[in-house]
Amino acid sequence: MKIAIIGAGTIGLSWATLFLSKGHTVTVSDPRPDLAQVVPRGALLAEPVEQAVAEAEVVQENGPERIEFKQDLFAAIEKAAPSDALILSSTSGLVASAMSEKMAEPGRLIVGHPFNPPHILPLVELVPSPATPDALVRRAREFYRSLGKVPVLVHKEVDGFVANRLQHVLFRECVSLVEQGVVSVAELDEIVTNSVGVRWATVGPFQAFHLGGGPGGLRHMMAHLMTDIEPETAARLAEAAEREYPLENYEQLCEMRDRLQSAIIELKGGVN
Ligand SMILES: NC(=O)c1ccc[n+]([C@@H]2O[C@H](COP(=O)([O-])OP(=O)(O)OC[C@H]3O[C@@H](n4cnc5c(N)ncnc54)[C@H](O)[C@@H]3O)[C@@H](O)[C@H]2O)c1
């Protein structure tokens, strides 16, 4: 597949490494003077952007995080790229409906937000605008899956999408705890990497509390330890958890969690 990388900073270069490793033809465009020295071996260079995207089947944009810049860039990309090229943006927080304002067909732009570094971490948040046809979202999802990524559809355009919103909430609390003198920076990192870090690498927050609540699952956990959650909300979430992780499989799910968590701890060199 012919893929154009627009913007070759931290994220663009990491995507280029991944795309090349999967056998794709990668053309990179970036005005940085040292471009030839920093691109991975095998990448082609093209200037300006219009030339880089002229034959692209997929465009992955990774330029500076400024709305006016991205609006002009996507208008230029749309004009120069083949009319059926997938146009994807790595943006960490700008929504497609705002970035596509100057495009003739705004629905063509889809956010494909990777978690850094994209050549290692599996998640890609797929965030289409309301104008994007479902068929295009399916194509974007298939593209990322073909690279071995885990694309997850985000159903509404919220600032910061999902993974970074979660990360920011947790980080604000980290800053607060260190600032209050509760723990040092190193102690806080040690707490996270030996607890929620291992846990959430294997089971997400909902599954973790579902299994952590004993055979009664999330329903039991919420009734006893999370009484601040509205009863109707708690019931809805418990039903969803029971549907996703049936309690008749409780023992097997716990066994799987334990096996994965032990493997991570072992891989890290055990406890020190
Ligand atoms: N850094 C992260 O952790 C991270 C994670 C996920 C997504 N993102 C998103 O990826 C995008 C890039 O972020 P980054 O961290 O790689 O930034 P970066 O500053 O490292 O790279 C941006 C690159 O864009 C280039 N550029 C400037 N003008 C250009 C133009 N006209 N045409 C082509 N390239 C141009 C710059 O020379 C630079 O190399 C942003 O939208 C950011 O929000 C960043």
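## The largest pocket

Helix 7 contributes the most to the lining of the largest pocket, giving five residues. Helices here are DSSP runs of H or I with at least four residues, and strands are runs of E with at least two, numbered from the N terminus. A pocket is an open set of points on a 1 Å grid over the protein atoms alone, where a 1.4 Å probe fits, with protein on both sides within 12 Å along at least five of seven lines; lining residues have an atom within 4 Å of a point.

Strand 7 (123-128), strand 8 (150-153) and helix 9 (196-202) also supply at least two residues each. The lining has 22 residues, with Phe-115, Leu-123, Ala-163, Leu-166 and Trp-200 nearest the centre. By class, 18 are nonpolar, three polar and one charged.

## About the model

This is a predicted model, in which local features need pLDDT of at least 70 and side-chain atom pairs pLDDT 80 or more, while totals for chains, interfaces and linings use all residues. Residues are numbered from 1 along each chain as its sequence is written, and side-chain values use heavy atoms, leaving out hydrogens and water.

## Around the ligand

Now to the ligand, which sits in the second largest pocket (more than half of its atoms lie within 2 Å of the grid points). Its shell holds eight nonpolar, 11 polar and four charged residues.

A polar backbone atom of Gly-63 lies 3.3 Å from a ligand oxygen.

Methods: Polar contact = N/O pair within 3.5 Å; in protein donor to acceptor, adjacent residues only side chain to side chain. Nonpolar A, V, L, I, M, F, W, Y, C, P; charged D, E, K, R; others polar.
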